[in-house]
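Hi,

Here is the structure I promised to pass on. Have a look at it first, then read my notes below.

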Amino acid sequence: MGTPFTRPQLVRDINNAFNPERIGATADQVAGLAPGSDAFDIVHALGLFQLPSDEELVKYRADLQVPELHKAILALAFNASISGKIPLHFAIVTGHAEIISVSTSDTLISVVLTRVD
C-alpha cells in the first residue's frame, strides 16, 4: 500500500480542519460516525487520509507503528475536540522515544506525537 499523503500535508490538513473557524463544520461532518470511532476514523471520514477504501484504512492503522496507548489517547483527544467543538492543534515531531503529549484548556486541545523515525 502506498501512502497518498505526506506527514506534513496530513498535519497541515488536520490543523486546518480543527482550527477555531472550522471546528464546528468539522464536528458536523463527522457527527454520523459510530460511537468509539478513533482518530483514524475521524481523519478518514474528513477525507484527509486520501485512502482508496475502508480496507486500506484498516491496513494503514494496523501497519502504523504507534503504540496502542498513544492511539487510544489520540482517539480521546480527537473525540473531545469533536464533541465539545474545541479546536485542536496537532503536531508530529521526531525524537528518541515514542511520546504523546496532550494539553487542554477550554479553548484548545494540543496534541504532540513524537515518533522515532
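Leu69 counts as exposed because its relative accessibility is 58% (exposed means over 50%, buried under 20%, partly exposed in between, with a 1.4 Å probe and protein chains only). You'll find Leu69 in helix α5, residues 68-84 (helices are DSSP runs of H or I with at least four residues, strands are runs of E with at least two, and both are numbered from the N terminus). Leu69 and Ile100 are 31 residues apart in sequence, with 9.2 Å between their C-alpha atoms.

A quick word on the source: this is a predicted model, where local features need pLDDT of at least 70, side-chain atom pairs count only at pLDDT 80 or more, and totals for chains, interfaces and linings use all residues. Residues are numbered from 1 along each chain as its sequence is written, and side-chain values use heavy atoms, leaving out hydrogens and water.

Now the sheet. It is open, with 3 strands in the order β1-β3-β2 and mixed pairing (two strands pair if DSSP finds at least two bridges between them). β1 (88-94) and β2 (99-104) are at the edges with a single partner strand each, so one side of each has no neighbour in the sheet. β2 and β3 (residues 109-115) run antiparallel, joined by 6 bridges. Thr104 sits opposite Ile109 in β3.

What packs on the sheet? α5 does, touching β1, β2 and β3 (contact means heavy atoms within 4.5 Å). The direction of α5 makes about 160° with that of β3 (axes are lines fitted to C-alpha atoms, for helices over the stretch in contact, and angles run from 0 to 180 degrees between N-to-C directions).

Cheers
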